[in-house]
Amino acid sequence: CHSGNRWWVCGDNGMLLSSEDGKGWTQHFLPGIRSDWDLISLRDIVANGNEIWVCGNPGSVVWYSNDGGQIWNVIATNSNATANSLSTFENTIVAY
């Protein structure tokens, strides 16, 4: 995912990285217990400026940051299904 001058990538084991030049990458840590990260598989990122949304498995939550990934919030989805993708529509984010 690309937003402004920053690239974002995600993957298994809660991996979430960002880069401004594609050479050096910064790891971002989502809230939770680090020993549980091997259970988290991130599937999609949507970024718009400093706002970043991340989804995956478990699908019971979506992670959100409004400060470029410094602080993350957990938003319950009321679903146990894996969220494979995120879309935005008129100031609304949809995980499916």
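The mean pLDDT of the chain is 88, with 99% of its residues at 70 or more; pLDDT is the predictor's confidence in each residue, from 0 to 100. This is a predicted model, in which local features need pLDDT of at least 70 and side-chain atom pairs count only at pLDDT 80 or more, while totals for chains, interfaces and linings use all residues. Residues are numbered from 1 along each chain as its sequence is written, and side-chain values use heavy atoms, leaving out hydrogens and water.

Q: In which strand of the chain is confidence highest?
A: Strands are DSSP runs (E, at least two residues), numbered from the N terminus. The lowest confidence lies in strand S10 (residues 92-95), at a mean of 80. The highest, at 94, belongs to residues 16-19, strand S3.

Q: What is the order of strands in the open sheet of 4 strands?
A: Two strands pair if DSSP finds at least two bridges between them. S5 and strand S6 (residues 51-57) pair in the antiparallel sense over 7 bridges. The edge strands, each pairing on one side only, are S5 (41-48) and S8 (73-76). With antiparallel pairing, the order is S5-S6-S7-S8.
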